Amino acid sequence: MINVKCFPLGVLAANCYLVTNEEDRVSLLVDPGDYSETLDQQIEQFGSDRLQYILLTHGHFDHIGGAAAFKRKHPNAKIVISTADAGYLQNDRLNLSYHFDVSIEPFTADLQVGEGDELPFGSHSVKVISTPGHTSGGVCYIIERTMFTGDTLISGTTGRTDFPTGSLREMAHSIRRLAKLEGDYSVYCGHGGASTLQNERENNYFMRECIYDDLS
């Protein structure tokens, strides 16, 4: 059974998720934007050596700022980001920390991933879907029927596309691709509340437009 706990972290209160696989006793983090003792205590209670991954949906500071600290506390965990966004981790202009006057520790990823990659997570797997638009290397991570969308799909809207390497056209393609996935998913976004994919299909203006608009 997959359980998800949300921890808004950092100056922009971006959502970090602690995901636990109760059946196989393994866990992972998604987008730790800052270090949190409260979150770290939750990791320790489940088992520090059971934290397998620190998954980063994209390279902006409010989603990566705590990764280095959590890696030090839990060295067995592998930091994961897309190949296209790997350079953000040491570039304060690209990750926007310079522009927001925030200091984050530069670091490198243990694993770089891309479209179609899968990471073992106990008896489950973490599937990677490439969803550029907010950044050129934005990805979503899917575990069974649970989706972590970062700043690609946000409940009722989408992420901004006016930052470096962002693209409105790529975002439209990414949103359309998510909309056309079969079935329903629980959607955990980078900001704001959780949703479902079907709810977004029906009520998110941008997703409705992307379903029916010809963007080829």
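**Notes on the aromatic pairs**

1. There are 6 aromatic pairs in this structure, a pair being rings of Phe, Tyr or Trp (its six-membered ring) with centres within 6.5 Å. Bear in mind that this is a predicted model, where local features need pLDDT of at least 70, side-chain atom pairs count only at pLDDT 80 or more, and totals for chains, interfaces and linings use all residues. Residues are numbered from 1 along each chain as its sequence is written, and side-chain values use heavy atoms, with hydrogens and water left out.

2. Take Tyr35 and Phe70: their ring centres are 5.0 Å apart and the planes meet at 45°, so this pair is tilted (stacked is under 30 degrees, edge-to-face over 60, tilted the rest). Tyr35 sits in the loop between strand E3 (26-30) and helix H1 (37-46), and Phe70 in helix H3 (residues 67-73), so the pair ties together parts 35 residues apart in sequence. Helices (H or I, at least four residues) and strands (E, at least two) are DSSP runs, numbered from the N terminus.

3. Tyr35 is partly exposed at 29% relative accessible area, while Phe70 is buried at 0%. Buried is under 20%, exposed over 50%, and partly exposed in between (1.4 Å probe, protein chains only).

4. Next, Phe148 and Tyr188: with centres 5.5 Å apart and planes at 25°, the pair is stacked. Phe148 belongs to strand E10 (residues 146-150) and Tyr188 to strand E13 (residues 186-189), so parts 40 residues apart in sequence are tied together. Phe148 is buried, at 1% relative accessibility. Ring pairs also bring in Tyr17, making a cluster of Tyr17, Phe148 and Tyr188.
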